[in-house]
Amino acid sequence: MAEILGLGLSHYPMLCVPDANMADILAWTMEDPDIPAHEKDPANWTPAMRGEWSNDRGAAAAAEHRRHLVRNFDRARAVLDDFQPDAVLIWGDDQYENFKEDLIPPWTVCIYPDLEVFPWRHAHESAAMEGRRNVWNEGPDQRFMLRGRPDVAKHLATGLLEAGIDVAYAYKPLHHASAGHAFVNAALYLDYHRRGFDHPVIMMPLNCYGRRVVSARGFLTRFSHDAPPDPPSPPPWRFMQMGAAVARVLRDSPHRIALVASSSWSHAFLCDRTWRLKPDTPADTRLYRAMLEHDYAAWENTSLAQIEASGQHELLNWFALLGAMRELDMQVQWAEMIRTDVFNSNKVFVQYGPV
Ligand SMILES: [Fe+2]
């Protein structure tokens, strides 16, 4: 009989860069000529946002933000080490990294063997780290082995297809040289102190970016960018059904499995209602409270239109996790929400179980 652990964490790319650059996405957005000047003027921001930005473009607040994030990654890592999983299944968004114009699957089980990862050499394929210094001062030859469990991954893909979940699967990367940032950053941050990360990983990339995956290349655009949108991602409730099916298949396996949602919550650069300057914190807070109360209906009744309006595209990874946790009746052990206005996204960490 399996044992299952649930974790939610962030893969926030800007945690890789020095504090002085952590607010670079906001700085870039403030140069968008189509955002009204009075919206971009810190004098008109809330005191909280002005306080974070301060007179150092967020550098001092970045150190504090980093401290909270690393503390939670350390906590999640300790839980994982304690649990000793046979495999860590990670749900993460593919932001035009491995999947591009020739194929956009809704979700995919990667049946990969061990994968050699060069986090910085491959950074141009993964979210904004090309040419930037990283906080570890690691160079392009830095590498680590992301261990796989292809046997468990194949069992999962088989079980999902038998259960009527039309999942794609892949034996090797398509466009990316190794793995997208949702997976690599999760491993880098769970190993923030560089002691090594040996837990086998099964990657399950999800199409969270939907209408923006190809049209915006899953990343930053200016307001004037008007490429026609792509078809949408699947709806949130379907992510929950898929997560529940994953839970059922793995529950009936003999393995110890950690199910991990990898993403921050509302993203400023995806949220037009805040002029892309800050995340939609009220929307995040509503879903955070519902998560703490195990109010799954609040999650299930969230529409894709609401998700998109709040810039919560990546939160769809967490809909898979919550679908799985509901299926297994797992309880929140601890959770923390780290709010910010200037560092692009609110971040949430959670542990469910193990059961
Ligand atoms: Fe992401």
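A nonpolar core is a set of buried Ala, Val, Leu, Ile, Met, Phe, Trp, Tyr and Cys residues joined through C-beta atoms within 7 Å. I keep that in mind for my first entry, and I remember that this is a predicted model.

**Entry 1: the core.** I looked up the largest nonpolar core and found 101 residues in it. Which members touch the most other members? They are L89, I90, L156, I202, M204 and V260. I then asked which helix gives this core its largest share, and it is α7 (residues 236-251), with nine residues.

**Entry 2: M204 and its contacts.** I picked M204 from that list and looked up what it touches, leaving out residues up to four places away in sequence. Its contacts are L89, I90, W91, W107, T108, V109 and C110.

**Entry 3: the length of helix α8.** I moved on to α8, which covers residues 281-292.

Entry 4: Which residues of α8 are buried? I noted A283, D284, L287 and M291. Looking down the helix axis, I saw that these buried residues fall within an arc of 95°, so they line one face of α8. On the face turned away from the buried side I found the exposed residues P282, R289 and L292. Next I wanted to know what covers the buried residues, and the cover includes the helices α9 (296-300) and α11 (316-327) and the strands β9 (332-338) and β10 (347-352).

Entry 5: Then I went looking for exceptions.

- W275 is not a glycine, yet its phi is positive, about 55°. I found W275 in the loop between β8 (256-262) and α8. It has 17 C-beta neighbours inside 10 Å; buried would need 20 or more and exposed 12 or fewer, so W275 counts as partly exposed.
- H294 also has a positive phi, near 55°. I placed H294 in the loop between α8 and α9. Because H294 has 16 C-beta neighbours inside 10 Å, it counts as partly exposed.
- G353 and P354 are joined by a cis peptide bond, with omega about 15°. I located P354 in the segment after β10.

Conventions
Residues are numbered from 1 along each chain as its sequence is written. This is a predicted model: local features need pLDDT of at least 70, side-chain atom pairs count only at pLDDT 80 or more; totals for chains, interfaces and linings use all residues. Helices (H or I, at least four residues) and strands (E, at least two) are DSSP runs, numbered from the N terminus. The expected span of a helix is 1.5 Å times one less than its number of residues. The arc is that of the directions from the helix axis to the C-beta atoms. Two residues are in contact if their C-beta atoms, placed from the backbone, lie within 7 Å.
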